[in-house]
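Have the structure open as you read.

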Amino acid sequence: MNSVLIRAFALLTLLGASWHLYATPSLHPANIRGQVLTAEGSPLVGATVRIADSPRGTLTQTNGQFQFIDLKTGNYDLIVSFLGYQNDTTNVTVAPDETTTLVIRLAEAPTELASVDIRADRRDPLAILQTVDLSLRPVNSAQDFLRLVPGLFTAQHAGGGKAEQIFLRGFDLDHGTDILITVDGMPVNMVSHAHGQGYADLHFLIPETVERLDVRKGPYDAADGNLATAGSVHFQTRDQLDGSLAKVEIGQYGYQRGVALVDLTGDKRSGNGYLAGEFLMNRGVFEAPQDLRRLNGFAKYGLPVGARSRLTLSASAFQSDWDASGQIPQRSVDRGDITRWGAIDPTEGGATSRYNANISLNTDLGEGATLSQRFYYSRYTFDLFSNFTFFLNDPVNGDQIRQTETRNLWGYQGNWNKGFNWKNIAMNSRLGWGFRDDQVNDLGLFRTFQRDSLLTSVADGAVQETNGFLFADHQMQLTDRLDLTLGLRYDAFAFRYEDALDEAYRPQRAQKGIVSPKLQARYQLSNNVQAYFKMGTGFHSNDARVVVAQNGREILPRAYGMEFGTMFKPVPRFLVNVGAWGLDLDQEFVYVGDEGIVEPGGKTRRVGLDVSLRYQLTDWLFADADLNWSRPRTREVPAEEIFIPLSPTFTSVGGLQVQTPWGLQGSLRYRHLSPRPANETWTLTADGYTLVDATVSYTHRNRWTYGLSMVNLLNTAWNEAQFETESQLPTETESTTEIHFTPGSPRLLRGWISWQF
């Protein structure tokens with residue numbers, strides 16, 4: 001996007017954000033402020049609140065709060081809805097120059113797709129889909145939450161301890177290079193990481209503590225900065241519990257997991273807090289035991305500060321270690337040298353830890369304005385042993401490598417938000433600012449022998465990377481049908497690298513800034529049909545070691561995105577979303593952590609079509625399907641080299657869910673990934689697969705839950721992770737380039753029992 005267009009976006013956004021300064025309120029205006037709670041008193045975040053016979057509507061925010069300001073004097077019917085709860089209509093009479101305060105409690109009710117109101121719910125279609133999916137789909141891990149994103153696939157290839165490989169919208173995202181992931185506003189991705197840019201390890205997140213997630217595809221939201229090109233996923237943990245929980249799971253191949261959530265507060269009016277803990281052990285299906293061990297702890301406490309503020313404190317601790325069989329060459333299996341569950345180097349594996357502290361303060365400033373502030377800190381360690389090429393480089397000792405880092409990560413985020421009316425146009429302005437600072441020591445790559453012996457040091461050094469940002473967006477409900485949001489974001493980076501292996505090396509520095517304009521529009525064609533259009537730019541930063549090697553040139557490759565689609569309900573219980581999109585990426589320079597070298601990338605273009613279907617067949621039976629096509633290509637290269645390795649071209653996820661009022665729940669789900677190119681010329685193919693999983697559970701008197709799950713019900717032989725790799729085995733005199741893979745799990749039976757008290 002050229003500089004003229006960027007300046008135009010900037011001018012429109014700043015003008016929009018400043019309109020509130022001269023907005024003329026109604027004569028003697030009235031206001032409504034309220035809170036939406038469950039029957040037990042827990043806040044409902046994301047509930048829809050709208051004024052009957054009016055285009056005005058809003059969503060409940062932190063602690064279930066909502067507000068309507070600058071109303072004319074009179075009577076209003078407020079309609080409140082939230083999936084899984086009974087709708088509520090409350091009549092309110094407002095007087096001049098007064099604020100009416102409400103507390104609305106919703107009773108639980110069976111999930112009913114007919115209650116999803118597209119006309120009232122002025123949200124991104126993905127947000128509506130996520131609300132439906134969270135109420136229905138079984139979730140047993142942080143990765144299961146990621147799979148709630150339509151079209152997102154994950155693959156594990158290191159014994160269950162390493163971060164998953166992620167695929168979305170025609171991207172092989174590696175471990176998080178082009179997808180932003182946060183938990184309670186704290187970044188999960190690690191920039192300039194020892195193993196890969198944007199490395200996102202979610203294993204510190206206890207799934208039972210997650211209340212909701214906010215998913216956005218593409219670079220269209222001003223609040224999303226670095227890495228948010230294919231999309232972003234934001235997890236929010238529970239602020240409070242309705243009761244305590246204990247859960248035990250066991251399964252085949254030595255799988256054991258225990259979880260406990262303990263409510264610490266009875267009277268939640270003065271404050272609320274809880275503790276959570278998790279342990280997991282898994283021997284695994286491989287001949288060389290994986291022996292995964294994971295420990296998690298989490299604590300959260302919130303309390304009011306004064307009449308208008310709320311302070312929330314949370315802390316977590318995570319440790320994990322594991323062994324791994326790694327990727328194995330197809331030729332070794334074909335020859336019978338090893339089985340699919342065997343290993344060439346059984347001494348792979350690793351250990352990692354993360355300790356987090358998170359403080360947030362949310363303040364009601366009055367007159368429709370709010371201020372939220374957050375400070376976070378993480379202490380992170382990483383130690384990984386891998387062997388991809390076996391004996392290609394060192395025929396005697398082998399090619400095992402060790403990657404390490406120790407990181408201190410801290411940052412601050414501020415967000416000011418104000419809703420108002422201007423000449424009967426409902427508006428909302430948002431301004432955000434903050435910074436993130438990563439200080440990474442012992443950032444090393446070493447050649448080792450069976451974990452015990454250090455052979456050579458390839459790289460060892462320290463990185464400091466600082467990202468400051470400022471963004472603004474302005475949302476306008478221009479007519480009863482048209483809703484427009486303009487946004488603008490600026491990011492500034494400072495990079496520093498120091499090489500510990502070169503005594504004469506002087507620390508190198510580089511700085512760079514980037515502007516990212518955004519636009520989103522929604523148009524209500526009818527009560528049950530909404531159309532939308534999005535366009536904007538995003539970016540991902542390159543590794544600091546690339547930045548200094550390039551002297552700061554071309555180190556923030558920009559992404560240009562555009563999308564249009566529709567969400568509609570052909571019948572009351574049938575929800576359909578269709579979206580067509582395109583995304584171009586500029587030149588990239590990629591640091592290959594496994595080799596310690598810099599490789600140039602190229603310009604790419606991806607176009608695609610997403611289709612999501614949600615259908616309620618009966619009061620208790622639900623069906624869903626996501627179908628995602630993409631065409632990923634490299635630009636400005638010879639025609640025979642246009643394919644992007646491992647980028648998915650078609651994925652589909654779907655299934656049936658049973659949800660009865662007497663406590664029986666179940667699901668039968670499939671996931672499909674089509675074959676895709678393993679290299680630039682598609683002379684090698686990464687095999688596709690289709691898997692079927694099943695789950696059934698029964699809850700007795702809302703206290704005891706008994707469940708069984710069957711992973712890979714049809715016992716399909718499939719490859720979870722696949723790569724084109726050149727390798728050489730100890731018995732070979734020449735190397736071979738072919739598919740190396742990690743086998744996917746066979747049929748696995750797991751059971752669990754939980755007690756809520």
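Is Arg407 buried or exposed?

1. Arg407 is buried, at a relative accessible area of 0%. Here buried means under 20% relative accessible area, exposed means over 50%, and partly exposed lies in between (1.4 Å probe, protein chains only). Before going on, note that this is a predicted model: local features need pLDDT of at least 70, side-chain atom pairs count only at pLDDT 80 or more, and totals for chains, interfaces and linings use all residues. Residues are numbered from 1 along each chain as its sequence is written, and side-chain values use heavy atoms, with hydrogens and water left out.

2. Arg407 has a charged partner, Glu405, and their side chains form a salt bridge (2.8 Å, N to O). A salt bridge here is a side-chain nitrogen of Lys or Arg within 4 Å of a carboxyl oxygen of Asp or Glu. Glu405 is buried too, with a relative accessible area of 2%. By this rule the count comes to 42 salt bridges.

3. Now look at Asp491 and Arg489, whose side chains meet in a salt bridge at 2.7 Å, N to O. Asp491 is buried at 0% relative accessibility, and Arg489 is buried at 4%. Elsewhere, salt bridges with shared partners tie Asp133, Arg137, Arg614, Asp624, Asp626 and Arg669 into one network.

4. Asp323 and Arg451 also pair through a salt bridge, at 2.9 Å, N to O. This one links distant parts of the chain: Asp323 is in strand β21 (residues 309–324), Arg451 is in the loop between β26 (425–449) and β27 (453–477), and the two are 128 residues apart. Helices (H or I, at least four residues) and strands (E, at least two) are DSSP runs, numbered from the N terminus. Asp323 is partly exposed at 26%, and Arg451 is partly exposed at 28%.

5. Strands pair if DSSP finds at least two bridges between them. Two bridges join β9 (residues 165–168) to β10, and Phe167 has Asp172 as its bridge partner in β10.

6. The β5 (residues 74–81) and β6 (residues 88–94) strands run antiparallel, joined by seven bridges. Gly74 sits opposite Val94 in β6. Their hairpin has six residues between the strands, and in it Gly84 takes a positive phi near 95°.

7. Two backbone angles deserve a look. Most residues other than glycine have a negative phi. Asp174, in the loop between β10 and β11 (179–183), has a positive phi of about 55°. Trp682 has a positive phi near 55° and lies in the loop between β39 (676–677) and β40 (685–686). Asp174 is partly exposed at 28%, and Trp682 is partly exposed at 33%.

8. Lastly, which residue lies in the loop between β36 (621–634) and β37 (650–659)? Glu640 is found there, and Glu640 is partly exposed at 49%.
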